[in-house]
Amino acid sequence: MGPDHLRVSWGPQQPSRVRRYQVEYAVLPVGEVQTVIFSGHENSTLLTRLQPNSIYLVTVSALHFTGQERAMSVKACTQEGKAESSRGPSQLHFPNYVYK
């Protein structure tokens with residue numbers, strides 16, 4: 001895990017049904033929500049400039065071409081340490097994020 005970054009991935013993809021993905025994240029309990037938008041063909045991102053030794057709520061939402069929206073949230077922790085640490089990013093995966 002990294003002190004200032006998290007890798008977030010989601011799947012399985014169904015790009016023919018998903019218009020875009022939205023990833024929202026904020027440090028708990030009351031951090032400012034940050035939002036990143038991705039095309040329906042993307043399935044991961046690296047969240048950077050996070051606070052070390054903090055708990056984040058990360059939500060991945062899928063907006064379908066039909067207008068339907070599905071979302072899943074998880075809590076993730078960044079490691080203690082300095083931001084310039086050489087350790088790789090934390091991995092946060094939404095493996096059962098199925099769109100129907």
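These are my notebook entries on one predicted model.

**Entry 1: the chain as a whole**

I began with the secondary structure. I found seven strands and zero helices. Read from the N terminus, the elements run β-β-β-β-β-β-β. I then looked up burial. The chain has 100 residues, and buried ones make up 38% of them.

**Entry 2: the sheet**

Which strands form the open sheet, and in what order? I traced four strands, in the order β3-β2-β5-β6. Their pairing is antiparallel. At the edges sit β3 and β6, the latter covering residues 69-77. Each of these edge strands pairs on one side only. I also looked up the twist, which averages 20° from one strand to the next.

**Entry 3: β2 against β5**

Next I took the pair β2 and β5. Strand β2 spans 18-27, and β5 spans residues 55-64. The two run antiparallel, and nine bridges join them. I picked R20 and looked for its bridge partner in β5. That partner is L63.

**Entry 4: β5 against β6**

How many bridges link β5 and β6? I noted nine, again for an antiparallel pair. Within this pairing I checked V60, which stands opposite M72 in β6. The two strands form a hairpin, with four residues between them. G67 lies in the turn and has a positive phi of about 95°.

**Entry 5: the core**

I turned to the nonpolar residues inside. The largest nonpolar core holds 16 residues. Which of them touch the most other members? I wrote down W10, Y21, V23, L47 and V58. Then I asked where the core residues come from. Strands β1 (6-10), β2 and β5 each supply at least two. The largest share is from β2, with five residues.

**Entry 6: a patch on the surface**

Last, I looked at the outside. L28, I55 and L57 form a nonpolar patch on the surface. Together they have about 210 Å² of accessible area. I stayed with L28 for a moment. It is placed in the loop between β2 and β3, and β3 covers 34-39.

Why does L28 count as partly exposed? Its relative accessibility is 32%. Buried would need under 20%, and exposed over 50%. L28 is therefore partly exposed, because 32% falls in between.

**Entry 7: what I keep**

Definitions and conventions: Residues are numbered from 1 along each chain as its sequence is written. This is a predicted model: local features need pLDDT of at least 70, side-chain atom pairs count only at pLDDT 80 or more; totals for chains, interfaces and linings use all residues. Side-chain values use heavy atoms; hydrogens and water are left out. Patches are made of residues with over 30% relative accessible area and no salt bridge: like charges are joined within 9 Å, nonpolar side chains (Val, Leu, Ile, Met, Phe, Trp, Tyr) within 5 Å. Accessible areas come from the Shrake-Rupley method with a 1.4 Å probe; for residues, only the protein chains shown count as cover. A salt bridge is a side-chain nitrogen of Lys or Arg within 4 Å of a carboxyl oxygen of Asp or Glu. Buried means under 20% relative accessible area, exposed over 50%, partly exposed in between (1.4 Å probe, protein chains only). Two strands pair if DSSP finds at least two bridges between them. Axes are lines fitted to C-alpha atoms, for helices over the stretch in contact, and angles run from 0 to 180 degrees between N-to-C directions. A nonpolar core is a set of buried Ala, Val, Leu, Ile, Met, Phe, Trp, Tyr and Cys residues joined through side-chain atoms within 4.5 Å.
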